[in-house]
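Please consider the following note alongside the sequence and the model.

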Amino acid sequence: MAWLAAGEGYEIALVEGRVAARSATGRTAGRQLKTLPKALKDHPEVDRLRRLAEWLDRHEAACIAQVDSWMVSSLPVPTELLARVWPDEAWQSALRDVAVLGDDPDEVGFLRDATASGELKVVNLDGETVRLSPRTVTLPHPVLLPDLDDVRDFAAELGIVQRVEQIHRATWHKPAEAAPTATATEVRDYAGGVFPTRFSLAARATSLGYRVSGGYATCKVRDSGATTEANVWIGEPYYDEETTTGALSWHDEDGRAVRLTEVGPVAWSEGMRMAAALYAGRKIEEGGDA
């Protein structure tokens with residue numbers, strides 16, 4: 001951005017997300033300073049730029065969260081919307097190189113550009129840049145991609161780095177025998193992880209981006225047109241003693257437990273991802289008795 005006059009012979013600007021200053025007079029005019037001079041630390045323009053930097057950070061995080069939400073739910077996104085937000089650097093950073101599907105569900109490509117006319121430029125798996133003009137596109141959850149390993153290999157060849165965790169997202173596929181009985185509603189693969197306190201387990205859940213409600217860590221997923229909530233028991237609120245992770249289960253929009261045989265592929269993968277991430281922070285015993 002442009003350098004702004006800040007009095008005292010200095011100019012200021014946002015450089016890589018922080019307020020920087022340079023001399024505006026004398027032989028050192030135009031030279032950026034390593035630190036902000038004391039005379040500028042309480043300057044109104046400096047404060048304004050700091051608040052702008054904080055807003056830009058929140059905006060960037062919000063863009064990434066929105067794209068992640070589209071991807072996790074595999075919702076159709078209007079191409080016109082992508083074209084309108086693309087000039088915004090924060091949106092462009094979140095969207096660039098996201099895998100998208102247009103009218104052909106078998107043709108996946110990595111998004112490289114969105115023009116004002118509503119045309120998308122993507123790199124397909126043949127390495128060719130093609131133009132698409134579908135009414136909507138889908139940012140597929142990786143568990144829905146039939147050739148995910150091939151997509152990952154191709155992305156590695158191109159050096160693709162995604163701001164939204166998509167193609168390298170940890171995935172779990174529901175086994176053919178998902179439950180010992182047709183009425184089973186719980187998975188205990190990641191139950192029994194020991195934590196010093198319930199608070200430490202809840203803190204881990206929130207730091208990973210999951211919601212804590214009552215005695216559960218939860219995540220909502222829109223799968224096959226319906227909203228399903230995955231829940232992992234983390235202990236009674238305000239319980240200060242040692243606690244362990246409990247079973248993973250899924251519930252529908254009315255709060256009814258969903259049978260494992262009826263849990264969709266995205267809801268299954270995201271629920272298992274949450275349970276595994278919580279379990280990974282457990283207390284590990286060391287020594288001969290471990």
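1. Strands β7 and β8 (residues 129-132) pair in the antiparallel sense over 4 bridges; strands are DSSP runs of E of at least two residues and helices are runs of H or I of at least four, numbered from the N terminus, and two strands pair if DSSP finds at least two bridges between them. Leu-120 stands opposite Leu-132 in β8. The hairpin formed by β7 and β8 has 4 residues between the strands, and Gly-127 in the turn has a positive phi of about 80 degrees.

2. This is a predicted model, in which local features need pLDDT of at least 70 and side-chain atom pairs count only at pLDDT 80 or more, whereas totals for chains, interfaces and linings use all residues. Residues are numbered from 1 along each chain as its sequence is written, and side-chain values use heavy atoms, with hydrogens and water left out.

3. β7 also runs antiparallel to β6, to which 5 bridges join it. Ala-114 stands opposite Leu-120 in β7. Between β6 and β7 the hairpin has 5 residues, with Gly-118 at a positive phi near 90 degrees. β7 is mostly covered, since 4 of its 5 residues are buried; buried means under 20% relative accessible area, exposed over 50%, and partly exposed in between (1.4 Å probe, protein chains only).

4. Gly-159, with a positive phi near 70 degrees, follows α4.

5. Two further hairpins involve β2 (residues 10-15). With β1 (residues 4-5), β2 pairs in the antiparallel sense over 2 bridges, and Leu-4 has Ile-12 as its bridge partner. With β3 (residues 18-23), β2 pairs in the antiparallel sense over 6 bridges, and Leu-14 has Val-19 as its bridge partner. Gly-7, in the hairpin of β1 and β2, takes a positive phi near 75 degrees, while Glu-16, in the turn between β2 and β3, has a positive phi of about 55 degrees.

6. An open sheet of 5 strands, with antiparallel pairing, has the order β10-β16-β14-β13-β12. β10 (186-187) and β12 (211-213) each have a single partner strand, so one side of each is left without a neighbour in the sheet. Within this sheet, β13 (residues 216-223) and β14 (residues 226-233) pair over 8 bridges, and Lys-220 has Glu-229 in β14 as its bridge partner.

7. Is Met-272 buried or exposed? Met-272, in helix α6 (residues 265-279), counts as buried because its relative accessibility is 3%. Leaving aside neighbours within four places in sequence, Met-272 is in contact (heavy atoms within 4.5 Å) with Trp-172, Val-187, Asp-189, Tyr-190, Leu-248 and Trp-250. Val-187 and Met-272 are 85 residues apart in sequence and 8.7 Å apart in space, C-alpha to C-alpha.

8. Trp-55, in helix α1 (residues 44-73), counts as partly exposed because its relative accessibility is 44%.
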